[in-house]
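Please report on the local geometry, strand pairing and side-chain contacts of this model. Keep it brief.

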Amino acid sequence: MMASPQTPLVVDLDGTLIHTDLLVESALTACKDNLGTLFAVPGWLGRGKAELKRELAARAELDIATLPWNLPLLEWLRAERAGGRTLVLATASDLRYAQQVQAHLGCFDEVFASCDGRNLAAAHKRAALVERFGEGGYDYAGNAHDDLEVWRSARQAVVVNAPSGLQAQIGIPVAKVFARPAGPARAWGRALRLHQWLKNALLFLPLLAAHRFDAASWLAGALGFLAFSLCASSVYLLNDLLDLTADRHHPRKRLRPFAAGRLPALHGALLAPLLLLAALGIAFTLSRPFGAVLIAYYGLTLAYSFYLKRIAMLDVMTLAGLYTIRIVAGAALTTIVPSFWLLSFALFFFLCLAFLKRYTELVGLHTAKGGDSKGRGYAAIDAPIVAAQGAAAGYTSVLVLAFYINSAEVTVLYREPRWLWGICVLLLYWLNRSWWLAHRGRLHDDPVIYAVMDGGSRLILLAVLALLAIASLHLW
């Protein structure tokens with residue numbers, strides 16, 4: 001049965017017109033701007049959900065234009081309006097955001113939203129629409145179980161992104177269905193950054209550097225790897241949730257699961273602390289020093305997510321520190337004292353990678369004709385100096401390695417340290433090649449992904465391991 005142009009089409013916002021929830025996004029934005037907001041939320045909620053939404057909307061500026069819109073639905077709505085149909089936006093979100101959506105899209109004739117202490121959801125939304133259009137006087141597009149109450153008084157239903165079994169519960173004719181996106185398993189893999197767990201292999205570096213190969217040490221290292229990986233995934237979830245607006249302005253990061261609306265932000269906000277608790281449980285079971293380092297790592301990542309990443313230069317130094325602290329964690333787990341040489345090399349090498357990460361982002365901005373990096377302290381014109389500083393840090397790391405090869409300490413662990421000079425050559429080649437590719441815009445903005453996916457990088461790693469074995473075992 002086709003709807004007549006005279007029947008108003010009422011459209012829900014959260015989860016229907018957009019692939020996100022403005023209540024969750026406003027809470028995340030407000031807490032990011034002022035952490036004290038988190039402690040005020042219970043008091044606001046005690047006065048009612050509408051008051052909570054009003055307080056958050058007053059504090060959180062959302063970039064309406066970059067929200068993850070349901071483009072197939074939006075295209076259909078515009079076609080309906082072009083055919084003379086009245087479109088109405090009815091949402092439980094705060095009136096301020098609803099009006100901003102109306103102004104941005106320019107296709108809604110009326111707006112109903114939460115205001116004046118009334119949370120416009122379920123029965124309240126139904127009552128408002130019946131009062132305005134009469135029983136059966138409107139069609140309604142929704143997506144959730146709360147919308148079943150609204151559909152009770154509608155003439156026809158438009159079902160959007162609905163969970164399994166919801167459509168069967170609608171007691172009126174269904175005029176159109178917009179299918180729910182495919183399963184989220186792959187999206188969760190991206191959100192948890194499972195590929196980034198490779199960074200936590202740095203926990204094993206103290207064992208390798210000290211030539212410790214006993215089973216007990218490596219088992220402890222494996223459990224430590226799991227703890228750090230769970231903690232890191234918790235951090236990645238939190239960072240993505242706090243970076244929604246900035247990511248949506250980025251040519252590649254806008255495709256991240258939360259920024260693109262492929263995963264509910266609320267689910268990420270609930271999972272992040274659970275992962276952290278699991279990580280801490282494993283860490284303190286292994287050893288208190290390791291648990292303390294893990295807490296320090298998490299605290300530094302929080303400082304980075306909330307503040308430090310906005311400050312040019314300080315952000316890359318923090319990133320280098322987050323790489324290096326993994327080595328410290330591996331040492332704390334296995335009671336190995338990391339050497340001056342190892343820490344010095346790591347600090348300069350990872351500082352180079354941090355600069356390389358920023359440089360690739362700036363090259364991307366230049367290609368996209370962007371002016372500055374949203375949520376960061378850089379502009380596209382900063383690319384040359386970022387490249388110079390990053391290259392200098394990389395060369396310094398090779399210099400530290402060269403001094404180590406020529407030191408007295410190296411003879412304790414290596415029978416033929418002269419073979420280690422080949423690692424300096426390989427490392428110089430890899431660094432120069434990486435910066436060259438970044439300059440041409442052919443490098444992924446995450447150097448770890450680049451190193452894993454790049455065939456040349458994998459060959460260089462194998463060659464480095466072979467040289468270490470030759471130097472250690474005196475094979476020639």
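Ala122 sits in the loop between β3 and α6. Its phi is near 50 degrees, a positive value in a residue other than glycine. Ala122 counts as partly exposed, at 23% relative accessibility. Here buried means under 20% relative accessible area, exposed over 50%, and partly exposed in between (1.4 Å probe, protein chains only). Helices (H or I, at least four residues) and strands (E, at least two) are DSSP runs, numbered from the N terminus.

The loop between β3 (110–114) and α6 (123–133) also holds Asp116. Asp116 has a positive phi of about 50 degrees although it is not a glycine. Asp116 is exposed, with a relative accessible area of 78%.

The model is predicted: local features need pLDDT of at least 70, side-chain atom pairs count only at pLDDT 80 or more, and totals for chains, interfaces and linings use all residues. Residues are numbered from 1 along each chain as its sequence is written, and side-chain values use heavy atoms, with hydrogens and water left out.

**Strands**

Strand β4 covers residues 139–142. Asp139 and Ala141 point one way, Tyr140 and Gly142 the other, and all are buried. In a regular strand the side chains alternate between the two faces of the sheet. Two strands pair if DSSP finds at least two bridges between them. β4 pairs with strand β1 (residues 9–11) in the parallel sense over 3 bridges. Leu9 stands opposite Asp139. Strand β5 (residues 157–160) also runs parallel to β4, joined by 3 bridges. There, Ala157 is the bridge partner of Tyr140.

**Salt bridges**

A salt bridge is a side-chain nitrogen of Lys or Arg within 4 Å of a carboxyl oxygen of Asp or Glu. By this rule the count comes to 26. Three of these pairs are tabulated.

| Pair | N to O distance |
|---|---|
| Arg126 and Glu149 | 3.5 Å |
| Asp214 and Arg212 | 3.4 Å |
| Arg256 and Asp240 | 3.3 Å |

Arg256 is in the loop between α11 (244–248) and α12, and Asp240 is in helix α10 (residues 215–242); the pair links distant parts of the chain, 16 residues apart. Both Arg256 and Asp240 are buried. Salt bridges that share partners also join Arg47, Glu51, Arg54, Glu55 and Arg59 into one network.

Asp214 is partly exposed at 33% relative accessible area, and Arg212 is partly exposed at 28%. Arg126 is partly exposed at 21%, as is Glu149 at 21%.

**Polar contacts**

A polar contact is a pair of N or O atoms within 3.5 Å; within protein, one must be able to donate a hydrogen and the other to accept it, and residues adjacent in sequence count only if both atoms are side-chain atoms.

Ser287 lies in the loop between α12 (265–286) and α13 (288–306). Ser287 is buried, with a relative accessible area of 16%. Its side chain reaches the backbone nitrogen of Phe290 at 3.1 Å.

Thr318 belongs to helix α14 (residues 314–334). Thr318 counts as buried, at 7% relative accessibility. A polar atom of its side chain lies 2.8 Å from the backbone oxygen of Leu314. Contact means heavy atoms within 4.5 Å. Not counting residues up to four places away in sequence, Thr318 touches Leu300, Tyr304 and Leu308.
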